[in-house]
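I opened this notebook to record what I looked up in the structure, topic by topic. The entries follow the order in which I consulted it.

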Amino acid sequence: MNYRIVLASASPRRKEILSKLGVQFEVIPSDCEEVYTATEPAQIVKELAILKAGDVYKKLINERTASDNNGSLVVIGSDTIVAHKGRVMGKPHSKEEAFEMIKSYAGDTHQVHTGVCIMIENGQNHSFTVSSSVNVVPMTDEEIWAYVESGEPMDKAGAYALQGLFAPFVSGIEGDYYNIVGFPICRVYHILKDEGII
């Protein structure tokens, strides 16, 4: 069977990671308002992933014409949250906020949760959360400010990029590396494989 695979995310990191599967896919980000009712970070990301995938899936199904022959639709939505001591750490709104967020991680362990929803036309829908832990070494205020001034934290959930300039401060991780970067590719691969999509 022919499939049209769509990534419902504008994240360049998710696009790059999904491309490691070696399959063709389109990027059509969801523009729906991110509203959720869950209170636990692991549940919030799953709810948002379902919301994003559902938004793009409905639009594409509604736009379809009788002459379309793009194959069965597969839409993948995803959302990532960094949490420390139960507090959700979103994207920082200022350098000062980025500094405070990173200072709270220094010398401690925090969690990264990524929710994924895979909507398969005429098939099984899958939604799940993958959680990983990140250990950060103690950091001086000078080290934190130098990192903040690099500009890297400002568009990142949790105010850092594990694969970027923050790497020297991470002493270890527990769980899926790619989950921390923003997309748990191993779990996604096995679902698509089990469904006969790839």
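**Entry 1: Salt bridges**

I began with charged pairs and found that the structure holds ten salt bridges. I note here that the model is a predicted one.

I looked up Asp79 and found a salt bridge with Lys52, in which the closest N and O atoms are 2.7 Å apart. Asp79 belongs to strand β3 and Lys52 to helix α2 (residues 41-63), so this pair ties together parts that are 27 residues apart in sequence. I checked burial next: both Asp79 and Lys52 are buried.

I then turned to Glu149, which forms a salt bridge with Lys95, with 2.9 Å between the closest N and O atoms. This pair links distant parts of the chain, Glu149 being in helix α4 and Lys95 in helix α3, 54 residues apart. Are these two residues buried or partly exposed? I read a relative accessibility of 48% for Glu149, which therefore counts as partly exposed. Lys95 has 36% and also counts as partly exposed.

A further pair that I recorded is Lys156 with Asp155, whose closest N and O atoms are 2.8 Å apart. Lys156 counts as buried because its relative accessibility is 12%, below the 20% limit. Asp155, with a relative accessible area of 41%, is partly exposed.

I also noted a network of salt bridges that links Asp31, Asp55 and Lys59.

I returned to Asp79, which is found in strand β3 (residues 72-84). Why does Asp79 count as buried? Its relative accessibility is 8%, and the cut-off for buried is under 20%. The side chain of Asp79 makes a polar contact with the side chain of Lys52 at 2.7 Å. Setting aside neighbours within four places in sequence, I listed the residues in contact with Asp79: Arg14, Glu34, Val45, Leu48, Ala49, Lys52, His113, Thr114 and Gly115.

Which strands pair with β1? β1 pairs with β3 in the parallel sense over five bridges, and Val6 stands opposite Val75 in β3. β1 also runs parallel to strand β2 (residues 26-27), to which two bridges join it. In β2, I found Glu26 opposite Val6. I followed the chain from β1 through helix α1 (residues 12-18) to β2 and recorded this β-α-β crossover as right-handed.

In soluble globular proteins, nonpolar side chains tend to be buried together. I looked up the largest nonpolar core, which has 22 residues; Ile102, Tyr105, Val134, Val136, Met139, Tyr160 and Phe166 touch the most other members. The elements that give two or more residues to this core are α3 (95-105), β6 (126-136) and α4 (141-149). Which element gives the most? It is α3, with five residues.

Leaving out neighbours within four places in sequence, Met139 is in contact with Ile102, Ala106, Ile144, Phe166 and Phe169. A second, separate core of 21 residues includes Phe25, Phe128, Val181 and Ile185.

I next looked up how β5 and β6 are joined, and found ten bridges in the antiparallel sense. His110 stands opposite Val134 in β6. Asn122 is in the loop between β5 (109-120) and β6. Is Asn122 buried or exposed? With 74% relative accessibility, Asn122 counts as exposed. The hairpin has five residues between its strands, and there Asn122 takes a positive phi near 60°. I also computed the separation of the C-alpha atoms of Asn122 and Thr109, which are 13 residues apart along the chain, as 42 Å.

Finally, I recorded that β6 pairs with strand β7 (residues 170-174) in the antiparallel sense over four bridges. Asn135 has Gly172 in β7 as its bridge partner.

Definitions and conventions:
Residues numbered from 1 in each chain as written. Predicted model: local features only at pLDDT ≥ 70, side-chain atom pairs only at ≥ 80, totals over all residues. Heavy atoms only, no water. Core = buried A, V, L, I, M, F, W, Y, C linked by side-chain atoms within 4.5 Å. Buried < 20%, exposed > 50% of the residue type's maximum accessible area, 1.4 Å probe, protein only. Contact = heavy atoms within 4.5 Å. Polar contact = N/O pair within 3.5 Å; in protein donor to acceptor, adjacent residues only side chain to side chain. Pairing = 2+ DSSP bridges. Right-handed = clockwise from strand over helix to strand, strands pointing away. Salt bridge = Lys/Arg side-chain N within 4 Å of Asp/Glu carboxyl O.
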